[in-house]
Amino acid sequence: MRFRTVLPLLLVLCACRSPAPRDVAGPGQPRTHLWVDAAGPTSGDGSLERPIRSLAEALIRPGPLTVHLGVGTYSGPFTLPEGVRVEGQGAASVLTVDGEAEPVLRAARDAALVDLVVRGGGWGLEVRGGRIRLERVAFSGQRTGAVRGSAGRLEVESGRFEATVPGGTGVLLEGAEPGAGAGAPHGAATVETSPPSATTTAGVQARITASTFTGPYRRAVRVRGAEARAELEDVRFSGPDTAIGVDGGHVEARRAVAEGGKGSAFSVVDGTMVLEDAQVTGHEYGLSATQARKLEVRRFTSVRAGRAGLGVVRTRGVLEDVVVRDSGDYGGLQLLDGELRVQRFRVEGAGEYGLSALHGKLSLRDGTILRVSSADGAAGDGLQLREVEADVEGIVVRDVAGSCVLAAQSARVKLRDAELRGCGYAGLSVDTQARMDATGVEVHGAGAALSALGRGELRVDVLTASGLGDGLVWAECQGTTRMSLKRVRSEDARGLPLPCVEGRPEKPLTPR
């Protein structure tokens with residue numbers, strides 16, 4: 001026989017009871033045990049000594065039922081009856097189906113699969129109800145996707161999902177039809193939506209733990225529809241374009257790692273995403289959110305994003321303990337038309353912008369931005385705030401080609417406690433009718449400490465400046481452009497006599 005050693009108690013039951021031994025599955029529910037071996041005799045009775053060859057034959061036996069599956073390849077399709085538990089011998093026990101359209105397995109009642117491989121088919125498993133549990137089950141070679149759930153609850157522990165052909169989905173959960181998303185991060189790939197299938201019903205949930213997704217999936221996990229929910233813990237994605245995609249659904253993911261994909265690693269459109277302790281290497285965006293109903297991101301790291309570490313559009317949410325390293329020419333954090341609270345963030349190496357915000361409301365606390373420059377080295381702002389209402393406190397910006405902090409296009413900015421060093425153009429800049437009120441600012445090593453033009457208004461109270469290449473103040477005093485200074489300390493007084501500069505330092509300065 002080709003089975004692993006079974007428990008002594010089970011051997012006793014086999015010796016003392018009928019060829020199909022029973023144990024207790026629950027209160028008043030005896031469980032039948034059957035052995036299936038692809039190389040066994042056709043006349044087997046399903047006992048350990050005389051297994052049957054056909055898994056399909058075993059699955060029509062009355063349950064609750066535990067099927068002990070031997071080494072071999074078993075060709076379906078199969079329908080899992082209520083209460084069945086199929087236990088394989090690991091990678092040597094394979095369920096498959098002829099053709100590329102039909103699913104290998106269907107399940108609409110409570111069932112479990114343990115220690116086996118599901119190979120090929122259009123879908124590996126279709127879940128249409130009940131509670132389906134997968135333990136140490138591997139999926140590979142599906143043309144459309146590994147697991148599709150339209151109702152019920154799916155539980156996956158130590159699963160392995162491998163895409164062997166480009167495209168497709170690892171796990172698809174389809175609930176009610178999501179609302180249409182609006183807008184996307186500039187330059188982000190669009191999110192496709194397809195009509196729901198005829199079997200889609202409300203109420204599908206999944207919990208996926210300690211699992212891996214590898215290969216060129218389009219989306220490793222997709223949660224679609226208002227009644228679709230998923231919880232993931234300790235998951236790793238290597239190769240999928242998108243690790244987790246939410247279209248109107250609800251996802252909570254903790255301790256997730258994604259690498260090697262082309263799209264947004266984590267994406268939410270018109271849904272909910274709670275993401276904690278996640279790391280992304282590569283991808284177009286580490287995370288993108290468009291009109292999310294709820295977004296909470298904590299302890300998130302993006303490295304070498306092709307465009308931006310995070311792109312968030314028309315979303316209310318919280319970003320905490322975010323690190324972005326070596327992002328592309330859309331910056332470290334790209335925020336558009338939302339209401340966001342960003343706390344304890346760090347950007348190291350970004351193209352064009354460290355953090356850019358356009359429209360909406362923004363609260364920034366305790367952030368560090370280092371090394372920002374365009375590809376040609378001619379531009380690159382640390383904070384670029386346009387048409388936004390921003391409250392900023394506790395910011396460090398260093399080594400940027402442009403302005404360390406820029407407010408433009410009617411932005412309204414309150415800035416407190418900022419340390420700005422190595423600002424190629426200026427420490428603080430206002431432009432095109434923007435207004436900035438700044439308190440407690442240090443500028444060391446900049447073209448100019450302060451810059452104003454385009455009817456911008458800059459008010460500064462408590463400023464220390466040194467190492468200025470173009471002077472303390474640079475301004476185009478046209479129209480309503482204004483600069484107000486209080487309690488300024490600097491050895492450089494250049495620019496102070498300009499007519500649009502109001503106020504004087506607390507002690508005379510020696511012109512440089």
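Me: I see Cys-477 and Cys-500 sitting side by side in this predicted model. How far apart are their sulfur atoms, and what do they form?

Reply: Their sulfur atoms are 1.9 Å apart, and the two cysteines form a disulfide. The general idea first: a disulfide is a covalent bond between the sulfur atoms of two cysteines. In this case the torsion about the S-S bond of Cys-477 and Cys-500 is about -55 degrees, so the disulfide is left-handed.

Me: Where do Cys-477 and Cys-500 lie along the chain?

Reply: Both are in loops. Cys-477 lies between strand S33 (473-475) and strand S34 (482-490), while Cys-500 lies between S34 and strand S35 (501-502), so the bond ties together parts that are 23 residues apart in sequence.

Me: Let's move to a single side chain. How should I read the surroundings of His-444, and which side chain does it make a polar contact with?

Reply: Start with the place, then the cover, then the neighbours. His-444 lies in strand S31 (residues 435-452). At 16% relative accessibility it counts as buried, because the cut-off is under 20%. Its side chain makes a polar contact with the side chain of Glu-442, at 3.3 Å. Leaving aside residues up to four places away in sequence, His-444 touches Leu-420, Arg-421, Gly-422, Thr-464 and Ser-466.

Me: And the nonpolar core? Which members of the largest one touch the most other members?

Reply: That core has 131 residues, and the ones touching the most other members are Phe-237, Ile-244, Phe-266, Leu-355, Leu-362 and Leu-428. Strand S31 gives the most to this core, with eight residues. Take Leu-428 as an example: beyond four places in sequence, its contacts include Val-405, Leu-415, Met-436, Val-441, Leu-450 and Val-460.

Me: How do I read strand pairing around S15, and which strands does it pair with?

Reply: A handy general point is that in a regular strand the side chains alternate between the two faces of the sheet. Here, strand S13 (residues 169-174) runs parallel to S15 and is joined to it by five bridges. Thr-169 stands opposite Arg-219 in S15. S15 also pairs with strand S17 (residues 242-247), again in the parallel sense, over four bridges. Across that pairing, Val-223 stands opposite Val-246 in S17. As for cover, six of the six residues of S15 (residues 219-224) are buried.

Me: Last one: where does the pLDDT fall below 50?

Reply: Where pLDDT is low, the predicted coordinates should not be read in detail. The mean for the protein is 88, and 87% of its residues reach 70 or more. Over residues 1-25, though, the pLDDT is below 50, and the model has 53 contacts for this stretch beyond near neighbours in sequence. Residues 186-201 also stay under 50, with 37 contacts beyond four places in sequence.

Definitions and conventions
Residues are numbered from 1 along each chain as its sequence is written. This is a predicted model: local features need pLDDT of at least 70, side-chain atom pairs count only at pLDDT 80 or more; totals for chains, interfaces and linings use all residues. Side-chain values use heavy atoms; hydrogens and water are left out. pLDDT is the predictor's confidence in each residue, from 0 to 100. Contact means heavy atoms within 4.5 Å. A disulfide is a pair of cysteine sulfur atoms within 2.5 Å. Helices (H or I, at least four residues) and strands (E, at least two) are DSSP runs, numbered from the N terminus. Buried means under 20% relative accessible area, exposed over 50%, partly exposed in between (1.4 Å probe, protein chains only). A polar contact is a pair of N or O atoms within 3.5 Å; within protein, one must be able to donate a hydrogen and the other to accept it, and residues adjacent in sequence count only if both atoms are side-chain atoms. A nonpolar core is a set of buried Ala, Val, Leu, Ile, Met, Phe, Trp, Tyr and Cys residues joined through side-chain atoms within 4.5 Å. Two strands pair if DSSP finds at least two bridges between them.
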